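I opened the notebook to walk through this fold one feature at a time. Here is what I looked up, in the order I went.

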Amino acid sequence: MFSVTARDPVQALRASRIREVANAGMGRNDVLAFWFGEPDEVTPAVIRDAAKSALDAGDVFYTHNLGIPALRETIAAYTSRLHRPVGAERIAVTSAGVSALMLVSQLLVNPGDRVVVVTPLWPNLVEIPRILGAEVVSVPLQLRTHADAPRWELDLDQLLDALVPGTRALLLNSPNNPTGWVISREQQRAVLAHCRKHGIWLLADDVYERLVYDAATEDAQDLSQASGSSGMAGMSDKVSAGALAVGQSACAPSFLDLAEPEERVVSANSFSKSFLMTGWRLGWLQVPVSLMHDLGKLIEYNTSCAPGFVQQAGCVALAHSEAIVAHTLQRYRAARDYLCAQLSAPEFRNAGVIAPRPQGTMYVFFRVEGEQDSLALCKRLVADAGLGLAPGSAFGPEGEGAIRWCFASSTERLAQGVARLAAFLRQR
Ligand SMILES: Cc1ncc(COP(=O)(O)O)c(C=O)c1O
């Protein structure tokens with residue numbers, strides 16, 4: 001008899017613990033759920049209308065593997081406004097961020113390769129290299145307290161020490177899901193220099209780059225040099241210069257601000273979070289042009305292409321990008337400030353809640369002192385309080401003891417959740 005089983009690395013994959021908690025709440029309509037990382041609003045009408053028009057016009061056929069030229073050019077123009085200038089020949093359209101990450105991993109990661117990740121981390125980023133048979137090494141962020149304010153921080157030396165010669169790739173997600181940590185420009189420079197020295201690929205997951213609240217604004221020098229212009233005149237059309245979002249940075253620091261076109265740096269991005277398009281499954285990759293031919297083959301054998309009418313809608317999303325991002329940022333900043341203020345109030349502090357204020361993303365990743373089993377705690381929260389949160393252990397062992405709360409929600413709904421958590425903690 002032959003065994004009827006999946007490959008060993010696939011059998012070894014961890015099943016989603018967020019799903020496990022969500023399943024525990026299945027069939028109950030009184031649960032207030034904040035467990036998934038998803039905007040609470042539908043996609044803006046102008047984007048939905050664009051997809052409808054494209055469908056009506058019969059845009060229902062296969063497209064080029066790398067995406068329709070109009071979208072590749074629109075993405076190139078968009079990312080050139082945020083980062084260093086790039087041409088459409090380095091952009092490939094993908095079926096959302098998760099497919100972009102899988103494709104680029106298939107492109108670069110061999111079985112047995114050493115891949116370094118900074119954790120806690122969205123599980124897909126850890127499991128994708130494992131599916132390909134790579135060895136994944138974690139460098140944990142540290143939860144530290146400064147002037148009474150807890151913060152998730154990177155120990156840069158620990159990361160550089162883990163990036164030993166022979167390491168194939170660093171997979172880095174900043175702003176980070178689940179902690180909201182954002183890498184600084186200074187740390188980026190050090191990481192890039194180190195990866196350059198040892199020939200290590202840098203795979204940047206930039207899907208939350210527009211959801212950033214407090215990160216230091218862009219370094220004008222980088223941008224004006226990159227765009228070939230000089231001084232403030234060259235900055236005026238750069239979104240990262242902080243022109244938007246009430247004087248704060250509208251884009252997190254990215255390796256795309258620093259990297260040369262033909263070096264070992266790739267970036268995965270998505271329409272899901274910034275443009276409220278999770279269900280559309282549309283994303284992109286920016287890679288050195290020399291990888292494009294092979295990437296096109298991989299897209300052919302994975303998905304062949306993203307749907308044409310969805311790509312048309314993507315063009316319209318980017319045409320309205322700044323208005324959509326400004327709207328979302330304003331809502332999420334208010335939601336973050338509200339939730340963090342609540343969870344830092346004496347009632348919660350006295351109950352052992354430690355809630356670092358995230359610099360980016362749409363999550364607060366907080367601890368409750370004395371609670372070591374986050375999965376069990378989240379199941380109790382569902383059963384006893386009707387509150388749906390994601391267990392920290394879903395984001396790797398380094399996330400154990402913490403809970404993730406997605407704050408992409410109205411303040412009213414968050415307030416109901418806060419009241420449920422307070423009641424639960426009082427009865428513990
Ligand atoms: C860190 C990170 N990267 C990538 C993605 C992929 O998103 P999508 O596949 O919807 O584009 C997600 C989604 O939650 C994420 O959290």
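**Entry 1: the seven-stranded sheet**

I began with an open sheet of seven strands, whose order is S2-S10-S9-S8-S7-S3-S4 and whose pairing is mixed. At its edges I found strand S2 (91-94) and strand S4 (135-140), each with a single partner strand, so one side of each has no neighbour in the sheet. From one strand to the next the twist averages 20°. A reminder to myself before going on: this is a predicted model.

Next I checked the two ends of the sheet. At one end, S2 pairs with strand S10 (residues 283-286) through four bridges, running antiparallel. I noted Gly283 in S10 as the bridge partner of Thr94. At the other end, strand S3 (residues 114-119) and S4 run parallel and are joined by six bridges. There Val116 stands opposite Val137 in S4.

Are the faces of S2 buried or exposed? I found both covered: Ile91 and Val93 are buried on one side, Ala92 and Thr94 on the other.

**Entry 2**

I then turned to an open sheet of four strands, ordered S11-S12-S15-S14 with antiparallel pairing. Its edges are strand S11 (353-354) and strand S14 (390-391), and each has a single partner strand, so one side of each is left without a neighbour in the sheet. Two bridges link S11 to strand S12 (residues 363-368) in the antiparallel sense, and Ile354 has Arg367 in S12 as its bridge partner.

I also looked at a hairpin. Strand S5 (residues 142-146) and strand S6 (residues 149-153) run antiparallel, with five bridges between them. Gln142 is bridged to Glu153 in S6. Two residues lie between these strands, and Ala147 in this hairpin takes a positive phi near 45°.

The domain assignment gives me domain 1 (8-43 + 327-426) and domain 2 (45-320). Their centres, taken over C-alpha atoms, are separated by 25 Å. For the contact between them, I get 31 residues of domain 1 touching 39 residues of domain 2. On the domain 1 side, helix H1 (8-11), helix H13 (321-343) and S12 each supply at least two residues. H13 gives the largest share of that side, five residues.

Which residues touch the most other members of the largest nonpolar core? In this core of 125 residues, they are Leu170, Leu202, Leu285, Ala313, Trp405 and Phe407. Helix H5 (residues 96-108) provides the largest share of the core, eight residues. Domain 1 and domain 2 each contribute at least three residues to this core. My background note here is that nonpolar side chains tend to be buried together in soluble globular proteins.

Beyond its neighbours within four places in sequence, Trp405 is in contact with Phe34, Leu339, Tyr363, Val364, Phe366 and Leu389.

Pro39 sits in the loop between strand S1 (32-33) and helix H3 (45-56). I count Pro39 as buried because it has 21 C-beta neighbours inside 10 Å. Although 233 residues separate Pro39 from Ser272 in sequence, their C-alpha atoms are 8.6 Å apart. Setting aside neighbours within four places in sequence, Pro39 is in contact with Lys273, Leu276, Thr278 and Ala408.

Leu276 is not a glycine, yet its phi is positive, about 60°. With 22 other C-beta atoms within 10 Å, Leu276 is buried.

**Entry 2: other backbone exceptions**

Against that, Ala96 has a positive phi of about 80°. Ala96 belongs to helix H5 and is buried, with 24 other C-beta atoms within 10 Å.

Where did I find cis peptide bonds? One runs from Thr119 to Pro120, with omega near -5°, and Pro120 lies in the loop between S3 and helix H6 (123-131). Another runs from Ser174 to Pro175, with omega near -10°. Pro175 is in the loop between strand S7 (169-173) and helix H8 (185-198).

Key: Residues numbered from 1 in each chain as written. Predicted model: local features only at pLDDT ≥ 70, side-chain atom pairs only at ≥ 80, totals over all residues. Pairing = 2+ DSSP bridges. Axes fitted to C-alpha atoms, helices over the stretch in contact; angles between N-to-C directions. Core = buried A, V, L, I, M, F, W, Y, C linked by C-beta atoms within 7 Å. Buried ≥ 20, exposed ≤ 12 C-beta atoms within 10 Å, placed from the backbone. Domains from an automatic or database assignment. Contact = placed C-beta atoms within 7 Å.
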